[in-house]
Amino acid sequence: MDFAIYSIFIIGSFAVARWVTENLNFHLRSKRFWIHHWNLAAAAMLIILVLDVRDVWVWGVLTGVALEGIRRDNWSMFR
C-alpha cells in the first residue's frame, strides 16, 4: 500500500505544482540565479534523506513537485 500512497501523492502534487506555477507569479530569483521549485524540492529531498524521514507521502509530494519542474523547457539555474 505504501507504493499506492506514494503514487497518489506524486500525481496530486504534480497537478498542484502545475496549477501554482501557471497561476501565481512567485519567483525566487536574482540578477544571476533563478531558483526553481524543482531545486527546492531536490534540496528538501536531500535534507529529509539525511534526517531519515520515511513517510511515503512526503517523498511522493517532493517527487511530484520536482518532476513537474524538470519537465519544463527552461530549468537552468543561471539567468
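## Arg18 and its partner

At 38% relative accessibility, Arg18 counts as partly exposed, a class that lies between buried (under 20% relative accessible area) and exposed (over 50%), as computed with a 1.4 Å probe on protein chains only. Arg18 forms a salt bridge with Glu22, the closest N and O atoms being 3.9 Å apart; the term requires a side-chain nitrogen of Lys or Arg within 4 Å of a carboxyl oxygen of Asp or Glu. Glu22 is likewise partly exposed, with a relative accessible area of 45%. Both residues belong to helix 1 (residues 2-23), where they are 4 residues apart, about one turn of the helix; helices here are DSSP runs of H or I with at least four residues, numbered from the N terminus.

## Basis of the values

The model is predicted, and local features need pLDDT of at least 70, side-chain atom pairs count only at pLDDT 80 or more, and totals for chains, interfaces and linings use all residues. Residues are numbered from 1 along each chain as its sequence is written, and side-chain values use heavy atoms, with hydrogens and water left out.

## The other salt bridges

A search of the whole structure finds 3 salt bridges. Arg54 and Asp52 form one of them, with an N to O distance of 3.3 Å; Arg54 is exposed at 65% relative accessibility, while Asp52, at 45%, is partly exposed.

Glu68 and Arg71 form another, with 3.2 Å from N to O. Here Glu68 is buried, at 0% relative accessibility, whereas Arg71 is partly exposed, with a relative accessible area of 37%.

## Packing of helix 1 on helix 3

Helix 1 packs with helix 3 (residues 56-70) at an angle of about 40°, their axes being 7 Å apart; the axes are lines fitted to C-alpha atoms over the stretch in contact, and angles run from 0 to 180 degrees between N-to-C directions. Helix 1 is therefore oblique to helix 3, since angles under 35 degrees count as roughly parallel, over 145 as roughly antiparallel, 65 to 115 as roughly perpendicular and the rest as oblique.

The residues in contact (heavy atoms within 4.5 Å) include Phe9, Phe14, Arg18 and Thr21 of helix 1 and Trp57, Trp59, Leu67 and Glu68 of helix 3. By class, the contact has 12 nonpolar, 5 polar and 3 charged residues, where Ala, Val, Leu, Ile, Met, Phe, Trp, Tyr, Cys and Pro count as nonpolar, Asp, Glu, Lys and Arg as charged, and the others, Gly among them, as polar.

Methods:
Helices (H or I, at least four residues) and strands (E, at least two) are DSSP runs, numbered from the N terminus.
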